[in-house]
Amino acid sequence: MELYSDIISPPCQNVLLVAKKLGISLNVKRSDLDDAADVAALTKLNPQHTIPTFVDDGHVIWESYAIAIYLVENYGKDDKLYPKDPKVRSVVNQRLFFDIGTLYKNVLACIDAKIDEKKVPEKVQGKLQAALDLTEQFVTERSFIAADHLTLADIFVLGSITTLEWLKYDLERYPGIRGWVKKVSAEFSDYDDFHKEIREGTKKYIAAHALDLEY
């Protein structure tokens, strides 16, 4: 199984964590979307030339949520990460859709505004705060964000929350989120090393592109 990926990409990070939790070994091929050769090679597999792109015995999937679900349903020893119970799965799905359509969307909007406009407009900040307010509610309703155990929703929302480091975002007003981050990251024995790799890669990217960000 091959994964075309870049460690600084939160969607790639999410797939890598899912694979770790499932005990799956991936052949990771680093793809630099600023490199024309890498983009050309990726386009042969994925016409959108996005990462992560996953290949399993000739079967190609892109979009991190689709890849993660495929991995769990095909290689999971049980259904804990993506429960089959319709009611539990509906909550996991809601949280995943909330992540892609609201939380992660607004995290990226703030980062883009900071890079392009040098500051984040109040309206954009307000949307992110509203998303975080909801996240705080979600992580305090249950042991984890969608169930009484770790699910795909925790992994994906964790990726969005840790991406706030690009903004040095202060989570002081969100004790629930801060406690939940510790709980979820503790589910991975090598998470500290994984996070260190993300930070080092992100710092190099910011420096190489001379971005106006303090990471």
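Lysine 20 is partly exposed in this predicted model, its relative accessible area being 35%. Its side chain forms a salt bridge with aspartate 190, with 2.8 Å between the closest N and O atoms.

The search of the whole structure identified eight salt bridges. One of them pairs glutamate 141 with arginine 95 at an N to O distance of 3.2 Å. Here helix H5 (residues 122-141), which contains glutamate 141, is connected to helix H4 (residues 86-117), which contains arginine 95; the two residues lie 46 positions apart. Glutamate 141 is partly exposed at 43% relative accessibility, whereas arginine 95 has a relative accessible area of 6% and is therefore buried.

A further salt bridge joins arginine 199 and glutamate 165, whose closest N and O atoms are 2.7 Å apart. Arginine 199 is located in helix H8 and glutamate 165 in the loop between helix H6 (152-162) and H7, a separation of 34 residues. Both partners are partly exposed, arginine 199 at 28% and glutamate 165 at 23% relative accessibility.

On the surface, a patch of negative charge is made up of Asp192, Asp193, Glu197 and Glu200. Within this group, aspartate 193 is situated in helix H8 (residues 191-208). Its relative accessibility is 57%, so aspartate 193 is classed as exposed.

Technical notes:
Residues numbered from 1 in each chain as written. Predicted model: local features only at pLDDT ≥ 70, side-chain atom pairs only at ≥ 80, totals over all residues. Heavy atoms only, no water. Patch = residues over 30% accessible without salt bridge, like charges linked within 9 Å, V, L, I, M, F, W, Y side chains within 5 Å. Areas by Shrake-Rupley, 256 points an atom, 1.4 Å probe, with all protein chains shown as cover. Salt bridge = Lys/Arg side-chain N within 4 Å of Asp/Glu carboxyl O. Lys, Arg positive; Asp, Glu negative; His and termini not counted. Charge placed at Lys NZ, Arg CZ, Asp CG, Glu CD. Helix = DSSP H or I, 4+ residues; strand = E, 2+ residues; numbered from the N terminus. Buried < 20%, exposed > 50% of the residue type's maximum accessible area, 1.4 Å probe, protein only.
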